[in-house]
Every structure is written in structure tokens, then in C-alpha cells.
Amino acid sequence: MHADHIMGVITLLRNLLYRTKVILYPGQVITKPAVQLFGPAGLRTFVRQNLKYTLTRAADRYCVHELLTVHDSITPCDPIPEGSTSFHSAEANIMHNSELPGLDIRAGPDGLWRALTEGPGRMSKILVDAGPILHRDPCIGYVFQEAWYPSRKVVILGDTHNPEAMIPLCSNPAPSLLVHEATDSHISPTADAEGKLSRRSAEKVLETALSLGHSTPEMAGAFAKRVGAQKLVLNHIGARFPAPRNNLDHDRKRIIRDITKKASMAWGPNKAAVAAVDFLRVEVPIDPSLKDTRNQPTTRTEVGIVNDIEPNPPGEIQGASSLRDYQFYDSEPVEYVNPNAVASTSTSQAGHIQVQDGGRSAFVAYDPSGQNRRKRRRKH
């Protein structure tokens with residue numbers, strides 16, 4: 001969690017949560033977080049203590065779910081003592097007054113966090129996976145994939161000099177879009193009007209980048225080729241290569257073009273990498289070879305955590321091992337979700353029943369406790 005990646009989280013969170021001068025309105029109880037954060041071990045304490053030290057008060061709630069390796073310890077979510085109005089800044093295990101308990105999600109045996117959460121998308125439900133990537137300090141890459149057609153996949157890597165551990169998450173299908181860092185680059189003399197950036201040899205640049213745990217454009221292009229990415233965006237480009245200020249900033253444009261050209265050549269023939277800039281928007285393509293199967297009966301099972309109904313109870317999730325079943329009956333697609341199947345250690349007794357709905361079969365997620373019950377029919 002380097003400063004250039006995380007220090008903005010606190011100000012962003014303060015703006016997302018509805019700030020108030022009071023801790024809680026009389027009689028008000030909020031059990032659903034307005035913002036959920038997912039990140040490595042230590043993120044919970046970082047957010048919690050910074051909000052405490054900045055005396056942040058908010059009407060809305062947040063929670064932090066930590067992605068833990070076998071070596072990481074759990075950060076407690078101790079409640080605020082009853083009747084207390086203090087921030088308890090000296091006690092890191094006590095939650096901030098706007099915090100709700102988060103999940104502790106252990107990586108699976110392969111070291112990956114599969115289907116750790118999900119959310120709605122424009123054409124399909126979005127599943128989120130994560131995996132470790134090599135940097136000089138622990139780092140994580142994320143995968144966002146549509147659960148069904150058009151099954152597009154976006155892979156966003158953090159700082160890395162070797163993201164090979166992500167390869168199992170980058171197949172079946174291959175990434176529609178890969179975002180890969182390119183911190184340092186050798187600059188061709190023909191692209192360097194001032195002759196300063198081109199003084200360093202390609203070998204020296206590679207040596208420096210690897211020593212700092214970073215990548216060059218050639219490394220990004222090579223990984224895009226290896227995983228069969230359809231599009232490649234380079235980010236985390238070093239400060240020595242500033243973005244063009246406008247279309248007439250030809251010197252800077254030549255430098256950036258030289259960087260993207262190197263990535264494109266390593267990627268393959270007829271490939272064109274793009275350098276990220278602020279507010280860049282990228283169209284994620286739909287593979288024309290895929291058949292639209294949204295209206296065809298199908299059955300599939302995926303592994304992950306379902307928490308889009310209401311917050312799951314706090315606890316340690318081993319390998320994110322709950323189940324999601326998408327089942328279709330009588331040509332009328334009905335999605336069945338077992339919202340309480342959070343982990344093998346869960347005490348939930350959630351199940352399902354089949355019912356008749358206007359002469360057509362439907363499927364209902366049923367929880368004997370009566371807290372989570374829903375039926376969702378996807379319209380044609």
C-alpha cells in the first residue's frame with residue numbers, strides 16, 4: 001500500500017459518505033454500508049485510524065473487506081463501547097463510528113481470491129476476482145468479468161514486475177482489456193528532441209525498473225501477448241514522461257508515442273497499445289465470434305461470495321467458498337441466489353424451493369430465518 005496509490009482513499013471516502021456534525025441521529029441504526037472497500041491486509045486499520053485522527057463524522061457507513069494470505073493476521077472489528085462518544089484513536093482494534101464489520105477473505109489453495117464479490121453491470125452481473133502480483137512489496141491485481149454474455153473481462157494490475165500469478169484468472173476467456181503498468185522506458189533518440197531521456201540505454205532502464213519492482217512497456221506488451229489481451233492500456237507511467245498538455249505539445253506526444261510503440265511491438269503485429277491519461281475512457285469490445293446466449297436455457301455454477309442483498313455477518317471466509325447457481329426453467333430465466341451460503345463455517349440454513357408463478361415455474365431463494373427471501377425474474 002504505497003502512498004501514491006492509497007493516500008487519496010481517505011479524502012474520497014469522506015466525500016462519498018454523507019458528512020454530519022453528529023455521530024448518529026437519535027434512534028438511528030444503519031446496518032448496510034454505503035461504501036465497501038476491498039484490499040490487502042492493513043487497509044482496514046489504515047482507513048479506520050485516518051478517519052479517527054481526522055475526526056471524521058458521517059451519517060453513512062462503510063466497511064473494509066481484507067484479502068488475506070495464509071501469512072496475514074485478521075484485523076479485529078471491535079465495537080465501540082456502549083454510550084461512548086469518543087473516537088478511541090489510541091485503540092486500533094475498535095471500529096470508527098461510521099464503520100461496519102468487514103469480511104476477512106482468505107485466498108484459496110492456489111493463492112487467488114476467486115469471485116470475492118459481485119455487482120450489477122449494464123449487460124450482465126459483474127464478478128470480481130483478485131490475485132497476488134510480484135512487486136518489491138505485496139501487491140494485488142483485480143479481474144472484472146461479466147458472468148454471462150458477452151463475457152467481457154477487464155484485468156487491472158497494480159505495481160508489478162511479474163504478474164504471472166494472475167494467468168489462471170486471465171484465461172477462458174482472455175482479457176478484453178488489460179491495464180498494465182509501464183513505469184520506466186528507454187526513449188529512442190529520434191523521439192527525444194532534448195536528448196536527455198534517450199541517454200539511458202535500454203539495458204540500464206530494464207535493470208532500474210526491475211530493481212524497483214516495476215515494468216517497462218516491452219514487459220507490458222509481452223504479458224498482453226501471453227494472455228491474449230484484446231486491448232492494452234499502459235498506466236503508472238513515470239513522472240519523467242509527462243502527458244501532453246494539448247494537441248500542440250508535440251515533444252511530449254513523441255515521447256508517449258515512443259512508449260506505446262515499444263509495448264505494441266512486444267504485443268504483436270497490428271497491435272496498438274494506449275497510454276492512460278486522466279479521464280481516459282476505453283470501449284471494451286465484444287468478441288464478434290461469441291454467440292448471444294442470453295435467451296437460451298442454461299445452467300452454471302460459480303464460486304464466490306454473494307453480498308448484494310444485505311451485509312453478511314463478519315467472519316473469516318476461507319477461499320471465498322460460497323456458491324452461486326444460475327438456473328433456468330421453462331424457457332423463462334429465473335436467477336437463484338443463495339445469499340447466506342457465505343462459507344462452509346456459516347451457521348445459515350438457507351435453501352431453495354420451487355414455486356408456481358402464473359402457471360410458470362420459478363425459483364425462490366429461501367432462508368428459514370425469514371431475513372433473506374427473494375425471487376428475481378430476468379425479463380426478455
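In this briefing a residue is called buried under 20% relative accessible area, exposed over 50%, and partly exposed in between, with a 1.4 Å probe and protein chains only. By that scale Ser151 is partly exposed, with a relative accessible area of 23%. The model is predicted: local features need pLDDT of at least 70, side-chain atom pairs count only at pLDDT 80 or more, and totals for chains, interfaces and linings use all residues. Residues are numbered from 1 along each chain as its sequence is written, and side-chain values use heavy atoms, with hydrogens and water left out.

**Overall composition**

- The protein has six helices and 17 strands; helices (H or I, at least four residues) and strands (E, at least two) are DSSP runs, numbered from the N terminus.
- Of the 380 residues in the protein, 44% are buried.
- The accessible surface comes to about 20000 Å², and carbon and sulfur atoms hold 54% of that surface; accessible areas come from the Shrake-Rupley method with a 1.4 Å probe, and for residues only the protein chains shown count as cover.
- Among contacts (heavy atoms within 4.5 Å) with a separation of 6 or more, 64% are between residues 24 or more positions apart.

**Nonpolar cores**

- A nonpolar core is a set of buried Ala, Val, Leu, Ile, Met, Phe, Trp, Tyr and Cys residues joined through side-chain atoms within 4.5 Å.
- The largest such core has 29 residues, and those with the most contacts inside it are Met166, Leu178, Leu232 and Leu234.
- Two or more residues of this core come from each of β6 (139-146), α5 (217-227), β9 (232-235) and α6 (250-267); α6 gives the largest share, five residues.
- A second, separate core has 13 residues, including Ile6, Ile10, Val47 and Val64.
- Beyond its neighbours within four places in sequence, Leu234 is in contact with residues including His180, Ala182, Pro217, Ala220, Ile259 and Ala263.

- β1, helix α3 (residues 43-53) and β2 make a right-handed β-α-β unit; a crossover is right-handed if, with the strands pointing away from the viewer, the path from the first strand over the helix to the second runs clockwise.
- Strands β1 (residues 35-40) and β2 (residues 62-68) run parallel and are joined by six bridges; two strands pair if DSSP finds at least two bridges between them.
- Gln36 has Cys63 in β2 as its bridge partner.
- Tyr62 belongs to strand β2 and is buried, at 0% relative accessibility.
- The C-alpha atoms of Tyr62 and Leu13 are 8.5 Å apart in space, although the two residues are 49 apart in sequence.
- Thr56 lies in the loop between α3 and β2 and is buried, with a relative accessible area of 3%.
- The side chains of Thr56 and Thr54 make a polar contact (2.9 Å).
- Leaving aside neighbours within four places in sequence, the contacts of Thr56 are Arg14, Leu51, Phe87, His96 and Asn97.

**The seven-stranded sheet**

- Seven strands form an open sheet of mixed pairing, in the order β4-β5-β6-β7-β8-β9-β10.
- β4 (113-119) and β10 (274-275) stand at the edges, each with a single partner strand, so one side of each is left without a neighbour in the sheet.
- β4 and strand β5 (residues 126-133) run antiparallel and are joined by four bridges; the bridge partner of Trp113 in β5 is Ala130.

**Backbone features in the loops of this sheet**

- In the loop between β6 and β7 (153-156) lies Pro150, joined to Tyr149 by a cis peptide bond with omega of about 10°.
- Ser151 is placed in the loop between β6 and β7, and its phi is near 55°, a positive value in a residue other than glycine.
- Pro173 is in the loop between β7 and β8 (177-181), and a cis peptide bond with omega of about 5° joins Asn172 to Pro173.
- Asn172, found in the loop between β7 and β8, has phi near 50°, a positive value in a residue other than glycine; Asn172 is exposed, at 75% relative accessibility.

Definitions and conventions
Polar contact = N/O pair within 3.5 Å; in protein donor to acceptor, adjacent residues only side chain to side chain.
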